[in-house]
Amino acid sequence: ICYIGGLRNNLEGVQKLLDCPPGTYPLFGMCIGRPADDPITRPRLPRSTVLFDDQYPDDQDMLAGMVDFDATMLDYFRRRGAGDRSWTGEMVEKFASPRRTSIGPYYRSQGANLD
């Protein structure tokens, strides 16, 4: 299976395609099947960088985890032929400005109370 979050990029198109009645809220898509090729598994952040007991780690530990993950992702991107990319750089770019600002108004139009 493969989670498809990009479905939220065009919720009105999804609504039309699936004929979603009021009160339904598409959140993500799911693909089920067998891949045509055998892609390299995308690395995930280590559990120690996202799961904490009773307190958050200090900034130095978090930064060290990000530096380590950048190296892991650089290797992954290179093996996929995607060049020299930085995971932290992508995150900065991704969250630099609001995205998918139409989601709230769409869900409200379907009857969701988000207030």
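**Cysteines and rings in a predicted model**

User: How do you know that the count of disulfides is zero?

Analyst: A disulfide is a pair of cysteine sulfur atoms within 2.5 Å, and by this rule the count comes to zero. For C20, the nearest cysteine sulfur is that of C31, 16 Å away. For C31, the nearest is that of C2, at 5.8 Å. This is a predicted model, where local features need pLDDT of at least 70, side-chain atom pairs count only at pLDDT 80 or more, and totals for chains, interfaces and linings use all residues. Side-chain values use heavy atoms, leaving out hydrogens and water, and residues are numbered from 1 along each chain as its sequence is written.

User: Why is C20 called buried?

Analyst: Its relative accessible area is 15%, and buried means under 20%, exposed over 50%, partly exposed in between (1.4 Å probe, protein chains only). C31, at 43%, is therefore partly exposed.

User: What makes Y3 and F28 a tilted pair?

Analyst: Rings of Phe, Tyr and Trp (its six-membered ring) pair if their centres lie within 6.5 Å; planes under 30 degrees apart are stacked, over 60 edge-to-face, the rest tilted. Y3 and F28 have centres 5.2 Å apart and planes at 40°, so the pair is tilted.
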